[in-house]
Amino acid sequence: MARIRLEGVTKVFGAVVAVDDLTLTIEDGEFFALLGPSGCGKTTTLRMVAGLERPTRGRIFIGERDVTDLPPQARDIAMVFQDYALYPHMTIMENIGYPLKVRRYARSEIHRRVREVAEVLQIADLLDRRPGQLSGGQQQRAAVARALVYPPQAFLFDEPLSNLDAKLRLEARSFLKHLQKSLGITTIYVTHDQAEAMALADRIGVMDRGRLLQVGSPIEIYRRPRNTFVATFIGSPPMNLLRCRFQQAEAVLVLGDGQALALGERAEALRRAFRDGEPLWLGIRPEHLALAEGPGPTHLAARVYAVEPLGVETLVTVQVDAERIALRLSVDEPPVLREQVWVRVPMERALFFREGGELAL
Amino acid sequence: MTQRRPILSMPVGLLFLLPAMVFVAVFLVFPSLWVLWISLTNQTLTGEAALRPRFVGLANFRALFDFENWMVRGYFGNALRNSVLFVIGSALIGQAGLGLAIAWAFYRRRGIWRELIYTLAILAWIIPDVVVAFMWVAYLDRDQGTLNAILSALGMGRVDWLIEQPLLSIIIFNTWRGAAFSMLLFSSALATLPPSYLEAAAVAGARPWQAFRDIILPSIRSHIITDLVLITLWTFNTFTPYLITAGGPTFRSEVVSIYTFRIAFQHFEFGRGAAVAVVMMLINLALALVYLSTLRREARAR
Ligand SMILES: Nc1ncnc2c1ncn2[C@@H]1O[C@H](COP(=O)(O)OP(=O)(O)OP(=O)(O)O)[C@@H](O)[C@H]1O
Ligand SMILES: [Mg+2]
């Protein structure tokens with residue numbers, strides 16, 4: 001069990017900067033999710049921690065040890081690959097026991113330990129089969145078992161759930177979380193699925209184009225995204241962003257189509273943060289929006305664009321001028337298509353981003 | 001198992017097969033039976049037996065397996081022994097070993113060295129026999145040969161390779177000549193392995209040679225079997241060594257194919273030559289059967 005520290009780690013492939021000056025500390029026993037869109041450098045970061053890729057610059061520490069120049073064999077970590085990398089010519093028993101075999105454990109000891117982890121992972125009755133005879137979920141467990149059998153300093157996961165169907169994914173997710181918490185092994189978990197990261201992690205690091213944009217607990221990142229990229233990456237549907245202009249004299253925000261929203265108590269803070277007439281982004285989560293009966297100082301006139309019932313809630317997309325806004329409503333009678341509605345924007349919940357994207361208030 | 005319904009009815013299917021069957025019959029089955037028949041006669045090119053070959057039963061075969069002078073140079077046993085050494089040395093160890101070593105050395109690498117080695121190996125493979133033979137005779141020559149020039153520059157004595165080590169010479173020659181095939185086969189087999197196989201092994205703590213033994217070799221097992229059988233057959237049947245040592249000196253590098261050629265087309269004893277050819281065919285057949293059954297077992301295990 002150990003802390004993992006990355007100091008100014010950069011990886012360049014030819015002309016591509018895959019990971020750009022990344023500094024990060026993952027605490028002992030922490031479940032850390034690395035989240036970002038495809039191609040942002042998550043896998044590359046993980047592979048550098050595993051020793052499968054050498055950083056172009058920067059240093060990596062596992063525990064107190066500088067492992068930057070050590071090969072994977074010497075790092076004492078376990079990794080679960082996206083394709084599981086189970087060997088088709090070996091039985092599940094041999095697959096799981098492989099880390100012990102290469103360390104020259106006695107056969108009986110290998111069998112004993114494999115059986116032990118297989119019990120925990122509920123695959124003890126599959127040990128004589130070959131990987132091809134297992135379902136996706138069972139293969140994933142076998143891969144996890146192989147990572148567990150020789151207790152590592154840290155666990156590395158590269159999108160281990162992406163090959164599973166939706167239902168199995170939920171099951172495997174709770175299972176992984178439970179397992180990690182009961183073992184207390186430091187874990188880095190790479191995913192592009194924000195819901196997965198939110199559900200699993202103690203802390204999330206959001207990456208984009210090789211850079212680490214924000215690190216924080218799921219709630220922090222959800223409530224106070226540091227910029228518009230994080231705001232629109234987290235949440236399903238993500239945060240609504242409305243482009244408007246601050247008018248100091250009237251203490252309102254004016255939208256593109258001329259509609260105005262009264263700032264109320266937030267006016268003073270905005271006056272300090274923004275110049276008069278400065279363009280900005282108003283950010284508001286779909287669940288904070290509500291429908292109103294008629295016009296009001298913080299109401300927007302909109303037209304219903306789509307209605308999607310989700311069971312508990314209904315997802316309503318409305319169109320304001322050229323922009324679309326998502327609302328999560330838990331009403332019994334949702335509006336109907338093309339209906340003219342009023343949307344109430346609770347200013348106390350709103351976030352304000354500068355034109356460049358960074359969070360101001 | 002799902003029941004498969006044939007697309008074509010039986011007679012139509014046979015009709016489509018007919019040209020292939022005629023071809024096989026005319027060019028393979030018929031000549032084989034012809035050779036088999038000749039092997040049971042005393043036919044020669046000239047003289048009495050040329051006009052009226054007599055049926056001699058298994059006499060030709062008995063002569064081949066006459067154990068009194070069986071291992072004497074110039075006899076069949078000697079040729080068979082040379083062939084076995086030639087196959088083991090140049091095909092199994094030489095070509096397959098070298099091919100696998102090169103393929104593994106450049107696994108998931110590219111660059112000028114890989115291009116260079118691959119190009120040279122493939123060149124060695126595709127140059128016409130006669131040109132290659134001339135190159136090697138020149139390379140191994142006692143006085144003007146390149147190899148001896150190198151050796152003497154290194155302070156070692158000159159060796160008359162073709163006279164002193166004829167079998168070793170053709171083994172090295174054939175290794176060089178054919179390693180490209182195994183190399184290409186193995187490198188395409190390696191290319192089909194997901195990169196995560198080796199990476200998972202490395203993360204699991206396996207040293208490179210452990211990963212090679214436990215992961216790589218078993219993963220390309222069926223390719224290795226295919227390769228070994230094919231190059232064994234080719235090497236067993238190849239005639240190119242004749243162009244380098246002509247089987248000599250004093251039959252020391254005479255392999256079975258050269259022996260057959262000598263008996264049939266230099267001594268013109270067609271009957272005995274045909275008998276050797278039949279034995280060669282049987283050996284080939286046995287190898288092919290072993291190969292097919294191994295592959296079938298392999299396919300079932302997956
Ligand atoms: N071996 C490589 N050679 C060249 N470029 C690479 C290599 N590996 C990754 N890259 C590039 O580095 C960038 C980051 O890749 P990486 O695999 O880390 O992305 P990722 O965040 O894991 O994406 P995904 O979610 O699609 O897996 C990409 O632009 C990719 O094209
Ligand atoms: Mg990836």
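Colleague: How many residue pairs are in polar contact between domain 1 of chain A and domain 2 of chain A?

Modeller: The count is two residue pairs, both at pLDDT 80 or more, where a polar contact is a pair of N or O atoms within 3.5 Å, one able to donate a hydrogen and the other to accept it, and residues adjacent in sequence count only if both atoms are side-chain atoms. This is a predicted model, in which local features need pLDDT of at least 70 and side-chain atom pairs count only at pLDDT 80 or more, while totals for chains, interfaces and linings use all residues. Residues are numbered from 1 along each chain as its sequence is written, and side-chain values use heavy atoms, with hydrogens and water left out.

Colleague: And where do the two domains run in chain A?

Modeller: Domain 1 covers 4–233 and domain 2 covers 240–354, with bounds that come from an automatic or database domain assignment.

Colleague: OK, how much area do they bury between them?

Modeller: They bury about 630 Å², 61% of it on carbon and sulfur atoms, buried area being the accessible area (1.4 Å probe) that two parts lose on being put together, summed over both.

Colleague: Which three residues supply 65% of what domain 1 of chain A buries there?

Modeller: Those are Tyr222(A), Thr228(A) and Ala231(A), which supply more than any other three residues.

Colleague: Switching to chain B, what share of its residues is buried?

Modeller: Of the 302 residues in chain B, 41% are buried, meaning under 20% relative accessible area (1.4 Å probe, protein chains only). The C-alpha trace of chain B spans about 75 × 75 × 35 Å along its principal axes.

Conventions:
Chains lettered and ligands numbered in written order. Buried < 20%, exposed > 50% of the residue type's maximum accessible area, 1.4 Å probe, protein only.
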